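Below are my notes on the model, as numbered points. Please read them with the structure open.

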Number of protein chains: 2
Amino acid sequence: MQILKDRIVRDGRVAPGGVLKVDSFLNHQIDIELYNEIGKEFKRIFSDIPVTKILTIEASGIGIACIAAQYFKVPVIFAKKAKTKNIDGSVFTSKVESFTHGKTYDIMVSAKFISPDDKILIIDDFLANGKAVLGLLDIVKSAGAEATGVGIVIEKGFQEGGKMIRELGINLHSLAIINEMDDEGNITFGN
Amino acid sequence: MQILKDRIVRDGRVAPGGVLKVDSFLNHQIDIELYNEIGKEFKRIFSDIPVTKILTIEASGIGIACIAAQYFKVPVIFAKKAKTKNIDGSVFTSKVESFTHGKTYDIMVSAKFISPDDKILIIDDFLANGKAVLGLLDIVKSAGAEATGVGIVIEKGFQEGGKMIRELGINLHSLAIINEMDDEGNITFGN
């Protein structure tokens with residue numbers, strides 16, 4: 001997706017430790033026009049697959065999933081990262097090891113929101129080690145539903161997540177795949 | 001906002017401890033058509049005030065803020081709840097005591113995203129004890145900007161937050177104000 005790649009080059013920043021900072025337009029401050037283009041692009045890519053619900057994970061996936069859901073005309077579910085008073089009853093859970101936060105946490109979705117009939121499109125902002133997507137796929141499987149697609153905004157192609165998930169036979173599409181980035185801020189895309 | 005109140009009566013559920021569960025349409029599973037109506041209603045209510053950015057707080061405020069931002073044509077900023085690798089440099093911070101989670105946490109916004117010229121509309125899903133909104137107001141003040149409005153989806157009118165924030169002279173509007181709810185699931189609205 002060219003306008004996304006152009007934006008990453010223009011406003012992204014490479015921080016030490018392999019962190020790509022896109023917080024001025026994607027995951028802290030949000031450019032809603034760009035989000036809309038991202039939503040339309042996901043709809044174009046996944047126009048031929050059945051989607052009954054979009055599944056994402058808090059926090060930075062939620063806005064992208066909501067904007068995209070307008071084009072798919074389906075509800076969004078966001079997996080929660082910690083047990084709160086607001087989830088009770090039966091839940092599907094999985095464990096996720098975060099690249100950004102450097103710790104493992106539980107994610108959960110209330111069981112009543114995914115049924116075996118559901119065709120789930122998973123959407124998230126980043127794919128790095130793949131653990132968040134694997135956790136969401138695990139939840140979809142626990143529900144007996146089918147993950148018909150995975151849509152990612154930025155994939156770090158130099159980490160193993162994308163390869164791992166494609167090898168599972170999952171219909172994964174990333175709008176920008178970064179193959180290389182260095183401390184001078186040079187970014188090479190793989191798509 | 002009648003369709004919101006009707007939906008709360010139809011699909012909301014009162015759980016022990018004064019928790020209103022609206023997780024089937026508002027803050028776990030999301031009805032995007034309802035979100036769109038909420039976004040339009042915020043635009044109608046705040047059509048006469050200057051808004052350069054919408055500020056919310058992760059996680060459940062993000063989707064509502066993004067959908068609303070389409071009508072205001074401004075960026076969204078979401079305050080983050082914990083220090084991650086993805087925020088560095090100068091930040092505005094405040095402390096928030098959560099009603100739902102029963103603990104105090106830090107919220108922060110990267111200083112580069114709010115300038116003294118900004119006219120900020122704060123949007124969130126719930127207003128109960130008001131601590132999240134007070135924290136966001138504190139951040140706006142730290143930036144030298146102006147909070148021109150606060151838009152809330154559901155206000156618990158039987159808690160002190162709404163009164164406290166209105167007494168500060170803040171332009172607060174809540175789409176549904178719940179004055180009473182009981183364990184039998186009866187809900188009385190104040191607007």
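How are H3(A) and H3(B) oriented to each other: roughly parallel, roughly antiparallel, roughly perpendicular or oblique?

1. This is a predicted model, in which local features need pLDDT of at least 70, side-chain atom pairs count only at pLDDT 80 or more, and totals for chains, interfaces and linings use all residues. Residues are numbered from 1 along each chain as its sequence is written, while chains are lettered from A and ligands numbered from 1 in the order in which they are written.

2. Helix H3 of chain A (residues 61-72) packs with H3(B) at an angle of about 45 degrees, their axes being 8 Å apart. The two helices are therefore oblique to each other (angles under 35 degrees count as roughly parallel, over 145 as roughly antiparallel, 65 to 115 as roughly perpendicular, the rest as oblique).

3. Ile62, Gly63, Cys66 and Ile67 of chain A in H3(A) meet Ile62(B), Gly63(B), Cys66(B) and Ile67(B) in H3(B), where contact is C-beta atoms, placed from the backbone, within 7 Å. By class, this contact has six nonpolar, two polar and no charged residues.

4. Glu58(B) sits in the loop between strand E4 (53-57) and helix H3 (61-72) of chain B. Its contacts beyond four places in sequence include Glu58(A), Ala59(A) and Ala79(B). The C-alpha atoms of Glu58(B) and Ala79(B) are 6.2 Å apart, across 21 residues of sequence.

5. Glu58(B) counts as partly exposed because it has 18 C-beta neighbours inside 10 Å (20 or more is buried, 12 or fewer exposed, in between partly exposed).

Methods
Helix = DSSP H or I, 4+ residues; strand = E, 2+ residues; numbered from the N terminus. Contact = placed C-beta atoms within 7 Å. Axes fitted to C-alpha atoms, helices over the stretch in contact; angles between N-to-C directions. Nonpolar A, V, L, I, M, F, W, Y, C, P; charged D, E, K, R; others polar.
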